[in-house]
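Student: Hey, can we walk through this structure together? I'm new to it and would like to know where to look.

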Amino acid sequence: IKNRGEAAVLEYSQRFDNVQFKSTKEMLVSKEEIRKAYDLVEPKYIEILKKAKDRIWSFHLKQKSNSWISFENFDSILGQKIQPIDKVGIYVPGGRAAYPSSVLMNAIPAKIAGVQEIIMTTPPAADGTINPYTLIAADILEIEKIFKLGGAQAVAAMAFGIGCIPKVDKIVGPGNIYV
């Protein structure tokens, strides 16, 4: 993927995700796809996702560190500066292992830390769709760039910045032998 770029990402996506795209731009989830996800999920489950978001947010908020400075004996200055990463990529499993909680548990700490941009990748079904619960979880957290891409090719695309998939500073998420 580092050497062949977008062509390799598209090839591996077809080979391993069983879905064919003409470009990485086609992998970007549209606002319309997110809107349709809400039509597929019962409102009670949307409320459950929102409640889970609030609880996870409350937990991670307690972990937030602050910058500080201390003047010791007027001859030393001690301290630490806390500064968020600019871009984080989150990998969210799909298929039989589609867990919207993976979106919440990986994106919320980044949001609390002040990460400016979160890129999400998740494997699509063979018809090119994404699990609607996963999309709703991402929408609740206002993740704007969601790509229909799974496996090691997704991780590599975020690591190197391939096509319209941005290069990120850190990649997080659960995974298996392929990821």
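This is a predicted model: local features need pLDDT of at least 70, side-chain atom pairs count only at pLDDT 80 or more; totals for chains, interfaces and linings use all residues.

**Starting from one residue**

Tutor: Let's begin with A138, which is found in helix 5. Helices (H or I, at least four residues) and strands (E, at least two) are DSSP runs, numbered from the N terminus.

Student: Is A138 buried or exposed?

Tutor: A138 is buried, with a relative accessible area of 0%. Buried means under 20% relative accessible area, exposed over 50%, and partly exposed in between (1.4 Å probe, protein chains only).

Student: What does A138 touch, not counting residues up to four places away in sequence?

Tutor: A138 touches V103, M120, I143 and I146. Contact here means heavy atoms within 4.5 Å.

Student: What is the mean pLDDT of the protein?

Tutor: The mean is 93, and 98% of the residues reach 70 or more. pLDDT is the predictor's confidence in each residue, from 0 to 100. Confidence is lowest in strand 1 (residues 68-72), at a mean of 89, and highest in strand 5 (residues 145-148), at 98.

Student: OK, bigger picture. How many helices and strands does the protein have?

Tutor: There are six helices and six strands. From the N terminus on, the order is α-α-α-β-β-β-α-β-α-β-α-β. The C-alpha atoms fill a box of roughly 65 × 45 × 30 Å, taken along the principal axes.

Student: And what share of the residues is buried?

Tutor: Buried residues make up 39% of the 179 residues. Also, among contacts between residues at least 6 apart in sequence, 71% join residues at least 24 apart.

Student: Back to the inside. Which residues touch the most other members of the largest nonpolar core?

Tutor: Those are I90, V103, M120, I143 and I146, in a core of 28 residues. A nonpolar core is a set of buried Ala, Val, Leu, Ile, Met, Phe, Trp, Tyr and Cys residues joined through side-chain atoms within 4.5 Å.

Student: Which element gives the most to this core?

Tutor: Helix 4 does, with six residues. Leaving aside neighbours within four places in sequence, V103 is in contact with I90, V92, I108, M120, T134, A137, A138, L141 and I143. Apart from this core lies another, of 15 residues, among them V9, F21, Y91 and L149.

Student: What about T121, where is that?

Tutor: T121 is in strand 4, and T121 is buried, with a relative accessible area of 0%.

Student: A154 is which helix?

Tutor: Helix 6 (residues 151-160), whose buried residues are G151, Q153, A154, A156, A157 and M158. What covers them includes helix 1 (6-17), strand 3, strand 4 and strand 6 (170-172). Helix 6 is followed by G161, which has a positive phi near 75°.

Student: Which residue has a positive phi although it is not a glycine?

Tutor: N18 is one of them, with a phi of about 60°. N18 is found in the loop between helix 1 and helix 2, and N18 is exposed, with a relative accessible area of 53%. E142 also has a positive phi, near 60°. E142 is in the loop between helix 5 and strand 5, and E142 is exposed too, at 59% relative accessible area.

Student: Last one: how do helix 2 and helix 5 cross?

Tutor: The axes of helix 2 (residues 31-40) and helix 5 (residues 132-140) come within 9 Å and cross at roughly 120°. Axes are lines fitted to C-alpha atoms, for helices over the stretch in contact, and angles run from 0 to 180 degrees between N-to-C directions. E33, I34, A37, Y38 and L40 in helix 2 meet P132, L135, I136, D139 and I140 in helix 5.

Terms used
Residues are numbered from 1 along each chain as its sequence is written. Side-chain values use heavy atoms; hydrogens and water are left out.
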